[in-house]
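Subject: Structure handover and notes

Dear colleague,

I am passing on the structure that I have been working through, and I would be glad if you read the notes below beside it.

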Amino acid sequence: MNYHILTLFPEMVTQGLSESILGRAAKKGLLSVNAVNIRDYTADRHKKVDDYPYGGGAGMLMQAQPVYDAWKTACEEIRSRQPEELRDKPVRTVYVTPQGAVFNQQMAKEFAKEEDLIFLCGHYEGIDERVLEETVTDYVSIGDYVLTGGELPAMVMIDAISRMVPGVLANGESGETESFEGDLLEYPQYSRPEEWHGRKVPEVLLSGHHGNVADWRTRESYKRTMARRPDLWEKFDLTQVHSRHDKKVLAQALEEFRQEQGSAAETEE
Ligand code: ADE
């Protein structure tokens, strides 16, 4: 995966993405981060990249010309590596904006299939609409709140996408059993010591009985989703629970959830 990030703050992005798992993946050649400074492409003598919006209003807008030229240069580099048959396909260009579709795990998986991704990070009050019309394939937000620029959202998306690129996570760090796989939250986890601050690790996890451990984890996963993300639980497709055994585990989780809710309500009273 090759990321091309068009930004006014390239260091922010390169520094943020050079550590930990992504840094390791870059060293292994599984991904590359090319931060392109939009200011390097301005035709303005004073290196200006922004101007007032027509019609008035607060703040400044990023101008079309430097954004377009930075994007075009990135596209040309990508095209030069692509086989002939892919050259008609538009290069996937993500504009990070609170006006986009809200990013999720499914989108992370989809984007991870691309060989190259361009991220366009806005600043000030936004970007001249005309250059967006000519370059952007995907408008994506990371949630319903407004940040000062697109760099942090781009980094959030890049992190989530990179985990889905084969080889980026080491064995045992697999993205498959974690929160949001199957639209459920992950079960609680415990490590040594067996007792800490008077709190004991659930007995079943010490039992060595793999079947019981798996059932306990499934139940906890259900219960945690019901308690913390009722919106996800509502969408969870119960018809995918097929076998008699799995149905029993689900019924137990529902019963335990009801009981735990009941005792929590009693404590509050
Ligand atoms: N730019 C500013 N706020 C943003 C958000 N919530 N998501 C994506 N890009 C943004």
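How far is a nitrogen atom of the ligand from a polar backbone atom of Tyr145? The distance is 2.7 Å, which falls within the cut-off for a polar contact, defined as a pair of N or O atoms within 3.5 Å; within protein, one atom must be able to donate a hydrogen and the other to accept it, and residues adjacent in sequence count only if both atoms are side-chain atoms. The protein covers 95% of the 260 Å² of accessible area that the ligand has on its own, where accessible areas come from the Shrake-Rupley method with a 1.4 Å probe and, for residues, only the protein chains shown count as cover.

Before going further, please keep in mind that this is a predicted model, in which local features need pLDDT of at least 70 and side-chain atom pairs count only at pLDDT 80 or more, while totals for chains, interfaces and linings use all residues. Residues are numbered from 1 along each chain as its sequence is written, and side-chain values use heavy atoms, with hydrogens and water left out.

The ligand and its surroundings

Two further backbone distances belong with the one above: a nitrogen atom of the ligand is 3.1 Å from a polar backbone atom of Gly143, and a nitrogen atom of the ligand is 3.2 Å from a polar backbone atom of Thr97. The space that the ligand takes is the largest pocket. On a 1 Å grid over the protein atoms alone, a pocket is an open set of points with protein on both sides within 12 Å along at least five of seven lines, whereas a cavity is a set of points where a 1.4 Å probe fits but cannot get out, and lining residues have an atom within 4 Å of a point. A molecule sits in such a space if more than half of its atoms lie within 2 Å of its grid points.

Strand S5 (93-102) and strand S7 (138-141) are the elements that give two or more residues to the shell around the ligand, and S5 provides the largest share, 3 residues. Helices (H or I, at least four residues) and strands (E, at least two) are DSSP runs, numbered from the N terminus. The residues around the ligand, including Val96, Pro98, Ile142 and Leu147, are those with a heavy atom within 4 Å of it. By class, this shell has 8 nonpolar, 4 polar and no charged residues, where Ala, Val, Leu, Ile, Met, Phe, Trp, Tyr, Cys and Pro count as nonpolar, Asp, Glu, Lys and Arg as charged, and the others, Gly among them, as polar.

Ser141, which is one of the residues around the ligand, is found in strand S7. Ser141 counts as buried because its relative accessibility is 2%, and buried means under 20% relative accessible area, exposed over 50%, and partly exposed in between (1.4 Å probe, protein chains only).

Side chains that meet at Asp116

Asn2 lies in strand S1 (residues 2-7), and His4 is also placed in strand S1. The side chain of Asn2 makes a polar contact of 3.5 Å with the side chain of Asp116, and a polar contact of 2.9 Å joins the side chains of His4 and Asp116. Asn2 counts as buried because its relative accessibility is 16%, and His4 counts as buried at 2%.

Other positions to look up

His123 is in the loop between strand S6 (116-121) and helix H5 (129-135), and its relative accessible area of 14% is why it counts as buried. The C-alpha atoms of His123 and Glu151 are separated by 9.0 Å, although these residues are 28 residues apart along the chain.

Some backbone angles also deserve a look. Most residues other than glycine have a negative phi, and most peptide bonds are trans. Ser20, in helix H2 (residues 20-27), has a positive phi near 55°, and Ser20 is exposed, with a relative accessible area of 60%. His197, in the loop between S8 and strand S9 (199-200), has a positive phi of about 50° and counts as exposed at 63% relative accessibility. A cis peptide bond, with omega about 5°, joins Arg192 and Pro193, and Pro193 lies in the loop between helix H6 (151-163) and strand S8 (195-196).

With best wishes
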